[in-house]
Structure formats: structure tokens, C-alpha cells
Amino acid sequence: MASDLAAKAKEAFIDDHFELAVDLYSEAILIDPNNPLLFSDRAQANIKLHNFTEAVADANKAIELDPSNPKAYLRKGTACFSLEEYQTAKTAFEAGSKLAPEDARFTDWIKKCDKFIAEENGELPTQSDAIPASAVAPSSTTKDAEQVKNISNEMITATAKPKYRHEFYQKPEEVVVTIFAKGIPANNVSVSYGEQILSVTIDVPGEDSYIFQPRLFGKIVPARCRFEVLSTKVEIRLTKAEPIHWTSLEFGENKLVVQRSIVPAGNQRPSYPSSRPTKDWDKLEAQVKKEEKDEKLDGDAALNKFFRDIYKDADEDTRRAMSKSFVESNGTVLSTNWKEVGSKVVEGTPPDGMEMKKWEF
């Protein structure tokens with residue numbers, strides 16, 4: 001029975017056996033998948049294990065099943081705060097506070113969120129520690145506080161079953177994530193967004209749930225994100241908070257500071273991730289021109305290049321003189337003096353020892 005498994009999970013949690021508690025709650029959820037308390041309690045166990053992305057997913061599911069559960073909002077806010085998703089955390093705490101106004105924990109957390117949001121916006125000096133020990137829930141122990149402080153900059157990896165393949169591409173203003181799930185009804189797909197979190201759950205009856213929940217490379221604007229369930233895939237469009245180029249979809253410790261993208265006027269084709277080096281075509285063109293200029297020629301090639309350069313840099317009268325004299329003399333005379341050749345037919349002048357010969361047609 002699910003209730004028996006839940007009771008054992010609570011005992012394991014009390015004894016600080018958090019991994020066992022998560023496993024027992026998971027077994028109970030398989031039996032009773034519509035019980036919001038199971039998801040809410042598993043979220044708390046995941047928070048203890050620092051599985052914050054999984055905790056957010058559990059809290060979101062609990063809220064979906066029972067929007068009147070203040071504990072679910074508290075746990076979502078706590079997990080988001082640890083992920084430095086301060087605005088998302090504040091929204092969750094505010095929703096929980098409306099349901100349980102007598103619970104002072106919500107007020108304390110909202111104040112902490114306001115402080116960190118102000119620091120992010122440059123309104124207050126940034127402290128040396130991302131999350132001080134005092135920033136844990138009032139009921140937490142000093143040990144828990146130190147753990148939260150130490151993992152504040154930890155790389156959060158998504159726990160996703162390799163059931164469906166996914167890929168992404170980006171434009172200057174948005175990232176498009178595609179999950180290749182064929183024939184999934186729209187009501188079986190749940191997508192939610194945080195400041196820097198994407199949470200996707202696909203529930204197919206009789207199968208394990210697919211959960212894809214990465215911490216994203218950069219921040220997004222949740223209110224402007226959207227998704228669409230198609231016949232062969234789930235397409236998710238994430239609006240970037242800043243027009244920067246994402247070198248990957250997921251956040252990592254080796255994240256680099258990248259330059260802002262320059263957004264040109266009009267439409268721009270999406271940039272796909274590629275390992276091929278880009279070419280500087282302007283540099284290549286300049287190099288070719290320099291090689292042509294420096295090219296050493298001899299014989300007829302050098303002579304032809306000499307005449308081409310004269311013709312290219314000449315004025316209109318000089319060009320006319322060169323063309324007229326060359327054509328009328330059958331290639332034996334090349335004059336640059338238009339006054340001399342412009343008013344008469346230029347007769348051919350063969351080289352010494354040779355004579356002109358007219359061809360019969």
C-alpha cells in the first residue's frame with residue numbers, strides 16, 4: 001500500500017536516510033500517482049540530498065495536483081533559492097504566504113529573496129558568499145546551513161532518462177529545444193519554467209515518467225516562454241533574458257562569459273551548434289588581392305599584366321586610344337594618345353623582318 005511506503009519513507013527521513021526516503025516515496029508514487037503529499041514529501045527529501053532540480057519538479061507536480069498546499073510552495077521556493085532562482089523562489093513563497101499567512105517562514109524567505117534580487121540588480125553591494133549560513137529555513141540546522149552555502153555555486157545536472165532524444169538551436173533572442181517524443185497527447189506533457197530552469201515531464205500510462213530538467217546556460221523570461229506538442233515532437237521556445245550566445249544548453253562550472261550578440265535588422269537565420277571553425281572572408285579576400293599584387297610574372301604574362309594595369313588606371317580618352325589603335329592595327333600598335341589616333345585609321349606596323357598580310361575571307 002502507498003500509505004505504508006509513505007510511513008516507512010517518513011521514518012527513513014527522520015533517521016537522515018534521505019536516499020532511502022526518496023526511493024520509498026518513488027515506490028509509493030507508482031502506486032498512487034495522484035497524491036500531492038507524496039510529491040511534496042519527496043521534494044523535501046531531494047532538498048536534503050541537494051537534488052534541487054528534482055525537488056522543483058516534485059514541488060511543481062504537488063502544486064499541480066493540489067494548488068492549496070502551502071508546503072509545496074515552501075519546498076519549491078527553497079529549492080529555487082538554492083539554485084539562485086531568486087525571483088522564482090519569491091513568487092513561490094508569496095503564493096504560499098497567501099495560503100498560510102500565519103507561517104513566518106514565508107515572510108523570512110521573501111525578505112531573503114528581496115535582498116538577493118537587489119544585489120543581482122546592483123542595488124546593494126554583493127557579498128563574498130553567494131548564500132550565507134543565515135539564508136536557510138528557520139527550522140534548518142547549522143549543518144544544513146553550511147551545506148547549502150557550500151553548494152551555492154555547484155553545477156546542477158539534469159536527471160533525465162534517455163527515453164527521448166533532444167536537441168537545441170538558438171537565435172539571438174531565443175533558444176528552441178526539441179524533444180523527439182512521437183505520438184504523445186498534449187495533456188500528458190507538462191512544461192514549466194524558472195529564471196534559469198526548464199522542467200519537462202512526459203507521463204505515459206504504464207511507463208516510467210520522462211523528466212528533463214536542466215539548469216540552463218543563461219537566464220530566460222518565463223512569462224514569454226511557450227511550448228507546443230506536435231505529432232512527432234515537443235517544441236519549446238525559451239526567450240533569453242539577455243541576447244548572448246549560449247555555448248551549450250545546460251549550465252556548468254566552466255561556463256564562460258560570452259559577448260552579447262549583435263542583432264542585425266531583419267530576420268536572421270538560427271545558429272546551430274557546430275564544431276567547424278568559422279572563416280574570416282574579408283581577411284581571405286585581402287590575402288588573395290595581396291598575392292595577386294605581389295605575384296612575379298615573366299614573358300608575355302608580365303607584358304599583358306603591364307598593359308592591363310595601364311588600362312585600368314587610365315582616363316577615358318586613353319582607354320579609347322588603346323582600344324582603337326590595338327584593334328585597327330591588328331594588335332601591332334598600342335597608343336595612349338587619343339588626339340593622335342582618334343581622327344585616322346591606325347595602320348599596322350609589323351616588327352622588323354616581318355610583313356603584314358591581309359587574310360582573304
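Reply: Happy to. Keep in mind that this is a predicted model. Let's begin with open space: the largest pocket has a volume of about 1,200 Å³.

Me: How does one find such space, and which residues lie nearest the centre of the largest pocket?

Reply: The general idea is simple: rolling a probe the size of a water molecule over the atoms shows where empty space is left. Here, 42 residues line the largest pocket, and those nearest its centre are Phe-39, Arg-42, Thr-201, Ser-209 and Ile-211.

Me: Which helices and strands each supply at least two residues of that lining?

Reply: On the helix side look at α2 (18-31), α3 (36-48), α4 (52-65), α5 (70-82) and α6 (86-99); the strands are β3 (189-193) and β4 (198-202). Helix α4 gives the largest share, 7 residues. By class, the lining of this pocket has 14 nonpolar, 16 polar and 12 charged residues.

Me: What about enclosed space? How many cavities of 30 Å³ or more are there?

Reply: The count is 1 cavity of 30 Å³ or more. About 60 Å³ of space lies in the largest cavity. Its lining is made up of Val-56, Asn-60, Lys-76, Cys-80, Thr-88, Ser-192, Tyr-193, Gly-194, Ile-197 and Ser-199. Two or more of these residues come from each of α4, α5 and β3. Sorted by class, the cavity lining has 4 nonpolar, 5 polar and 1 charged residues.

Me: Now the rings. How should I describe a pair, and how many aromatic pairs does the whole structure hold?

Reply: A pair of aromatic rings is described by the distance of the centres and the angle of the planes. Searching the whole structure gives 8 aromatic pairs. Take Tyr-86 and Phe-116: their centres are 5.0 Å apart with 35° between the planes, and the pair is tilted. Tyr-86 sits in helix α6 and Phe-116 in helix α7 (residues 104-120), so look for two distant parts of the chain, 30 residues apart, linked by this pair. Both Tyr-86 and Phe-116 are buried.

Me: Why is the pair of Phe-93 and Trp-109 stacked?

Reply: Use the angle of the planes: under 30 degrees counts as stacked. The planes of Phe-93 and Trp-109 are at 15° and the ring centres 5.2 Å apart, so this pair is stacked. Because Phe-93 lies in helix α6 and Trp-109 in helix α7, the pair ties together parts that are 16 residues apart in sequence.

Me: Which residues do ring pairs link into a cluster?

Reply: The cluster is made of Phe-81, Tyr-86, Phe-93, Trp-109 and Phe-116.

Me: Let me try the cut-off on a loop residue. Where does Ala-314 lie?

Reply: Look in the loop between α10 (299-313) and α11 (316-328). The relative accessible area of Ala-314 is 18%, so Ala-314 is buried. Ala-314 and Thr-336 are 22 residues apart in sequence, with 8.9 Å between their C-alpha atoms.

Me: And the protein as a whole?

Reply: The protein has 12 helices and 7 strands. Of its 361 residues, 38% count as buried. The accessible surface is about 22,400 Å², and 52% of that belongs to carbon and sulfur atoms.

Definitions and conventions:
Residues numbered from 1 in each chain as written. Predicted model: local features only at pLDDT ≥ 70, side-chain atom pairs only at ≥ 80, totals over all residues. Heavy atoms only, no water. Helix = DSSP H or I, 4+ residues; strand = E, 2+ residues; numbered from the N terminus. Buried < 20%, exposed > 50% of the residue type's maximum accessible area, 1.4 Å probe, protein only. Areas by Shrake-Rupley, 256 points an atom, 1.4 Å probe, with all protein chains shown as cover. 1 Å grid on protein atoms, 1.4 Å probe; cavity = no way out; pocket = protein on both sides within 12 Å on 5 of 7 lines; lining within 4 Å. Points joined across faces, edges and corners; volume = space filled by probe spheres on them. Nonpolar A, V, L, I, M, F, W, Y, C, P; charged D, E, K, R; others polar. Phe/Tyr/Trp six-rings, centres within 6.5 Å; stacked < 30°, edge-to-face > 60°.
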